[in-house]
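This briefing sets out the domains, sheets, core and chain contact of the structure shown below. The points are grouped by topic.

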Amino acid sequence: MPKHQITTTINGDEVDFGCHAGQTLLDVLRTELGMTGTKNGCGSGDCGACTVIVDGRPVNACLVLGVELQGAEIETIEGMAKGRTLHPLQQKFLDHAALQCGICTPGILNMAKALLEKNPDPTETEVRYGLAGNLCRCTGYDKIVRAVLDAAADMRANG
Amino acid sequence: MGTVTELKYESPETAQAVVALLSGVGPMARIFAGGTDLLVQMHEELIEPTLLIDIKGIPETREIDVTADEIRIGAAVTGAELGEHQELKSRWPGIVEAVELIGSYQVQGRATIGGNLCNASPAADSVPALIAAAAKVIIAGPNGTREVPAEEFSVGPGRTCLAAGEFVTSIVLPKQNQRSGDAYLRFIPRTEMDIAVVGAGACVSLNDDGTCASARLALGAVAPTAKRVAAATDILQGNRLDDGVLAALAKAANDACAPIDDKRGTIEFRTKVAGVLACRAVKIAWQRAENR
């Protein structure tokens with residue numbers, strides 16, 4: 001079975017990969033490219049652990065095929081920190097202890113980043129609705145929501 | 001995905017090419033747009049197609065075309081894109097509300113209006129809103145193009161009127177009267193991320209004297225397919241929204257129900273809620289028409 005050859009941009013770098021027709025972006029990232037920061041939770045779009053950003057929109061990587069991504073711009077958790085400088089969301093998740101086991105964290109960080117790009121000053125309710133597609137089974141939602149609101153305030157203050 | 005090595009992927013650029021592929025491969029070929037239902041069904045091994053035909057490369061499936069007369073929405077336009085389209089939102093807020101209720105933000109970025117229709121769930125949120133709007137479904141097939149009213153598109157749970165070789169290219173919303181409005185409401189046991197226990201879509205046009213010129217009501221999740229409540233049109237037409245009219249409307253909605261009993265709602269509960277939501281949706285649509 002021939003593999004499709006796809007050229008994309010991942011976290012700003014041009015990346016080529018080969019994939020089979022039914023191979024999801026989640027599988028491409030983790031298996032073909034060794035980028036295991038994107039987590040495999042449910043595989044059916046329910047948990048949001050595999051949330052990445054494709055062409056500016058947050059999506060579940062388990063519900064996107066690699067083969068449809070010719071020319072796409074993909075952002076994953078591996079590209080969130082700039083060198084050794086954490087993204088404000090990452091820093092606030094540490095400050096607020098907004099994670100326990102950490103499996104949901106990369107997806108939540110990507111979703112929160114997309115949310116704040118669209119709405120830099122969200123209410124608590126808007127953050128909770130915005131993260132409704134990301135499940136945390138350690139159930140640390142309050143700390144997560146506080147970290148996102150704090151990061152949003154920080155990002156507004158620092159432009 | 002068990003038979004992943006046997007699967008092929010094609011991304012044609014014309015509707016004719018899609019029809020040729022569908023006709024050649026038969027039922028083992030599946031149309032692929034957002035993938036939020038299809039890839040889940042494949043993941044759960046409910047289906048094992050041999051060919052995925054990605055229709056997103058066909059320009060007409062990805063466009064929202066607004067004219068003075070009608071609005072044509074490509075089948076592969078996503079919920080997120082519909083929600084960002086200001087003209088569509090101001091003309092058909094009910095349809096946009098219905099589509100935006102489907103899934104999380106992540107799902108909204110992928111799930112398409114054509115996919116919601118073709119998945120043919122009795123509880124599909126967009127469908128009662130489309131039926132209330134008198135939307136038409138544009139279908140391409142081996143014999144050219146045909147149109148089907150939204151209420152005739154689904155013929156049972158998971159089943160559509162599509163014949164071999166056919167697929168949906170777009171959905172057309174008709175020209176509206178000057179003073180008209182639409183609305184969609186659904187009941188779910190939580191506030192987000194759930195499947196409708198009952199859904200109600202309404203579209204109302206008003207005369208200059210404030211009486212109802214025309215109206216359409218449709219219900220979801222209370223029968224094998226979303227269905228229009230034809231009696232509601234007669235009850236509303238020529239009248240104002242007084243208590244007697246609302247009581248008759250609720251009764252018509254109750255009478256239209258043929259729901260199932262399941263973990264999300266009993267027959268009795270769904271039937272009662274259908275009447276309540278029907279009245280509320282009509283009131284919102286009415287108010288929007290008044291504010292035009």
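Strand β5 (residues 71-74) of chain B and strand β10 (residues 167-173) of chain B run antiparallel and are joined by 4 bridges. Within this pairing, B:Ile71 has B:Leu173 of β10(B) as its bridge partner. The model is a predicted one.

**Sheet of chain B**

- The two strands belong to an open sheet of 5 strands, ordered β4-β5-β10-β6-β7 (chain B), in which the pairing is antiparallel.
- At the edges stand β4 (64-66) and β7 (144-149) of chain B; each has a single partner strand, so one side of each is left without a neighbour in the sheet.
- On average, and with direction ignored, neighbouring strands of this sheet are turned by 20° against each other.

**Sheet of chain A and its helices**

- Chain A holds an open sheet of 5 strands with mixed pairing, in the order β2-β1-β5-β3-β4 (chain A).
- Its edge strands, β2 (13-19) and β4 of chain A, each pair on one side only.

**Domains of chain A**

- Chain A is divided into domain 1 (4-79) and domain 2 (88-157), with their C-alpha centres 21 Å apart.
- The contact between them takes 13 residues from domain 1 of chain A and 11 residues from domain 2 of chain A.
- On the domain 1 side, strand β3 (residues 51-54) of chain A gives the most, with 3 residues.
- That side divides into 7 nonpolar, 5 polar and 1 charged residues.

**Domains of chain B**

- The assignment for chain B gives domain 1 (4-53), domain 2 (63-173) and domain 3 (180-287).
- The C-alpha centres of domain 1 of chain B and domain 2 of chain B are separated by 19 Å.
- In their contact, 12 residues of domain 1 of chain B meet 18 residues of domain 2 of chain B.
- Helix α1 (residues 15-25) of chain B gives the most to the domain 1 side, with 5 residues, and this side consists of 6 nonpolar, 5 polar and 1 charged residues.

**Nonpolar core**

- The largest nonpolar core has 144 residues, and those with the most contacts inside it are B:Leu219, B:Ala278, B:Ala281 and B:Val282.
- Helix α12 (residues 267-290) of chain B supplies the largest share of this core, 11 residues.
- Beyond residues up to four places away in sequence, B:Leu219 touches several others, among them B:Pro128, B:Val198, B:Ala226, B:Ala253 and B:Ala278.

**Contact between the chains**

- The contact brings together 24 residues of chain A and 24 residues of chain B.
- On the chain A side, the elements that give two or more residues are β4 (57-60) and α4 (124-130) of chain A; the largest share, 4 residues, comes from β4(A).
- The chain A side divides into 11 nonpolar, 11 polar and 2 charged residues.

Notes: Residues numbered from 1 in each chain as written. Chains lettered and ligands numbered in written order. Predicted model: local features only at pLDDT ≥ 70, side-chain atom pairs only at ≥ 80, totals over all residues. Domains from an automatic or database assignment. Contact = placed C-beta atoms within 7 Å. Nonpolar A, V, L, I, M, F, W, Y, C, P; charged D, E, K, R; others polar. Core = buried A, V, L, I, M, F, W, Y, C linked by C-beta atoms within 7 Å. Buried ≥ 20, exposed ≤ 12 C-beta atoms within 10 Å, placed from the backbone. Pairing = 2+ DSSP bridges. Axes fitted to C-alpha atoms, helices over the stretch in contact; angles between N-to-C directions.
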